[in-house]
Every structure is written in structure tokens, then in C-alpha cells.
Amino acid sequence: MKKLIVNRYRCGYCGACVAVCKFNANELVETYLEIYEDKCTLCQACVRTCPMNALEVVE
């Protein structure tokens with residue numbers, strides 16, 4: 001099963017992934033990026049937008 005993961009060492013917590021997500025699957029909680037798997041459709045808009053290449057879809 002595929003899922004979206006965040007590399008916390010690369011993530012700059014800029015919020016770009018949150019802004020681009022149409023499904024509200026990503027949320028910045030202080031300095032932590034929360035990914036809601038139940039809302040994520042794996043469209044990868046956030047993956048393409050992340051300036052730090054911190055997001056990826058894995059199996």
C-alpha cells in the first residue's frame with residue numbers, strides 16, 4: 001500500500017505542501033508536519049511543490 005511520508009531532516013516546515021493540498025491532508029502543527037492518510041489521495045501535488053524534496057510516496 002502506497003503512502004506519503006515526510007523526511008523530517010529535510011522538511012523546512014514552510015507550509016508549501018499545506019497550501020497546495022486540495023484535500024486538507026497536510027497540516028502544520030507548530031514545527032511538525034502531520035499527514036492525514038485518510039484524506040490523502042496521493043495526488044503528489046505536495047511532493048512536486050516541496051522546495052526541500054522532503055515528501056515522497058513509498059510502498
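Reply: Start with contact: it means heavy atoms within 4.5 Å. The model is predicted. By that cut-off, Val6 touches Cys11, Leu33, Ile35, Ala54 and Leu55, leaving out residues up to four places away in sequence.

Me: What makes a set of residues a nonpolar core, and which residues make up the largest nonpolar core here?

Reply: The members must be buried residues of the listed nonpolar types, joined through side-chain atoms within 4.5 Å. The largest such core has 11 residues: Leu4, Val6, Cys11, Cys17, Leu33, Ile35, Cys46, Val47, Cys50, Ala54 and Leu55. At least two residues of this core come from each of β1 (3-6), β3 (32-35) and α2 (45-49).

Me: Why is Val47 called buried?

Reply: Its relative accessibility is 19%. Buried means under 20%, so Val47 counts as buried. Val47 lies in helix α2.

Me: What does Val47 touch, beyond residues up to four places away in sequence?

Reply: Val47 touches Leu4, Leu55, Glu56 and Val57.

Me: Why is Cys40 called partly exposed?

Reply: The relative accessible area of Cys40 is 21%. Buried would need under 20%, and exposed over 50%. Cys40 falls in between, so the label is partly exposed.

Me: Is Asn26 buried or exposed, and why?

Reply: Buried. Its relative accessibility is 6%, and the limit is under 20%, so Asn26 counts as buried. Asn26 is found in strand β2 (residues 26-29).

Me: What makes the pair of Asn26 and Cys17 a polar contact?

Reply: A polar atom of the Asn26 side chain lies 3.5 Å from the backbone oxygen of Cys17. The cut-off is within 3.5 Å, so the pair counts as a polar contact.

Me: How do you know that Lys39 lies over the face of Tyr36?

Reply: Lys39 is 5.4 Å from the ring centre of Tyr36. The distance limit is within 6 Å, so Lys39 meets it.

How values were computed:
Residues are numbered from 1 along each chain as its sequence is written. This is a predicted model: local features need pLDDT of at least 70, side-chain atom pairs count only at pLDDT 80 or more; totals for chains, interfaces and linings use all residues. Side-chain values use heavy atoms; hydrogens and water are left out. A charge sits over a ring if NZ of Lys or CZ of Arg is within 6 Å of the ring centre and within 35 degrees of the ring normal. Buried means under 20% relative accessible area, exposed over 50%, partly exposed in between (1.4 Å probe, protein chains only). Helices (H or I, at least four residues) and strands (E, at least two) are DSSP runs, numbered from the N terminus. A polar contact is a pair of N or O atoms within 3.5 Å; within protein, one must be able to donate a hydrogen and the other to accept it, and residues adjacent in sequence count only if both atoms are side-chain atoms.
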